[in-house]
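Welcome! Please take a moment to look over the chain shown here, and then we will walk through it together.

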Amino acid sequence: MKNILILHTGGTIAMSEDQNGAVSPDSSNPLNQFANPFAGKLNLITEDIFNYPSPHIGPKQMLLLEKEFYVLLMKILMVLLSLTVQILLKKLLIFGFNHS
């Protein structure tokens, strides 16, 4: 099953309409309230980075987002490295290992 990571930063998708038609950010990510329509086919993973309207995202938030990208990239690389080592070890076991 494939995984899709959604990084939530707020903005329009995190807003809701009140009785007068005005919109404002919600305190929680609305994507966390929906059932996965692709269950069994795709695994949706959401990470709430921050919850700001787009005009309020400045250098501080962009640096935080960059840091989060690097952390996630390192996690992905560690998983890939682990899988590669497992595959190599299995091949060594299957084809044998010559100590000479």
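Is Tyr 52 buried, partly exposed or exposed? Tyr 52 is partly exposed, because its relative accessible area is 35%, and buried would need a value under 20% while exposed would need one over 50%. Before going further, please keep in mind that this is a predicted model.

**The overall picture**

Let us step back to the whole protein. Its secondary structure consists of 1 helix and 4 strands. Read from the N terminus, the order of these elements is β-β-β-β-α. The protein has a radius of gyration of 21 Å, well over the 13 Å that the globule rule gives for 100 residues, so it is more spread out than a compact globule. The C-alpha trace spans about 80 × 35 × 15 Å along its principal axes. Of the 100 residues, 13% count as buried.

How confident is the predictor? The mean pLDDT of the protein is 84, and 95% of the residues reach 70 or more. Among the elements, helix 1 has the highest mean pLDDT, 91, while strand 3, residues 23-25, has the lowest, 74. As a reading tip, where pLDDT is low, the predicted coordinates should not be read in detail.

**An aromatic pair**

Now back to the tyrosine we started with. Searching the whole structure turns up 1 aromatic pair. Its members are Phe 50 and Tyr 52, with 5.4 Å from centre to centre and 35° between the planes, a tilted arrangement. Phe 50 belongs to strand 4, which covers residues 42-52.

Strand 1 covers residues 2-10 and includes His 8. Thr 9 lies in strand 1 too. How is His 8 classed, as buried or exposed? His 8 counts as buried, because its relative accessibility is 4%. Thr 9 is partly exposed, with a relative accessible area of 21%; the cut-off for buried is under 20%.

**Some distances across the chain**

| Residue pair | Separation along the chain | C-alpha separation |
|---|---|---|
| His 8 and Ala 39 | 31 residues | 20 Å |
| Phe 50 and Asn 29 | 21 residues | 9.4 Å |
| Thr 9 and Thr 84 | 75 residues | 33 Å |

**A nonpolar patch on the surface**

Our last stop is a surface feature. Which residues form the nonpolar patch? They are Tyr 70, Leu 73, Met 74, Ile 76, Leu 77, Val 79, Leu 80 and Leu 83, and together they have about 760 Å² of accessible area. One of them, Met 74, lies in helix 1, which covers residues 59-95. Met 74 is partly exposed, because its relative accessible area of 47% falls between the limits of 20% and 50%.

Methods
Residues are numbered from 1 along each chain as its sequence is written. This is a predicted model: local features need pLDDT of at least 70, side-chain atom pairs count only at pLDDT 80 or more; totals for chains, interfaces and linings use all residues. Side-chain values use heavy atoms; hydrogens and water are left out. Patches are made of residues with over 30% relative accessible area and no salt bridge: like charges are joined within 9 Å, nonpolar side chains (Val, Leu, Ile, Met, Phe, Trp, Tyr) within 5 Å. Accessible areas come from the Shrake-Rupley method with a 1.4 Å probe; for residues, only the protein chains shown count as cover. A salt bridge is a side-chain nitrogen of Lys or Arg within 4 Å of a carboxyl oxygen of Asp or Glu. Helices (H or I, at least four residues) and strands (E, at least two) are DSSP runs, numbered from the N terminus. Buried means under 20% relative accessible area, exposed over 50%, partly exposed in between (1.4 Å probe, protein chains only). Rings of Phe, Tyr and Trp (its six-membered ring) pair if their centres lie within 6.5 Å; planes under 30 degrees apart count as stacked, over 60 as edge-to-face and the rest as tilted. pLDDT is the predictor's confidence in each residue, from 0 to 100. The radius of gyration is taken over C-alpha atoms; the globule rule is 2.2 Å times the number of residues to the power 0.38.
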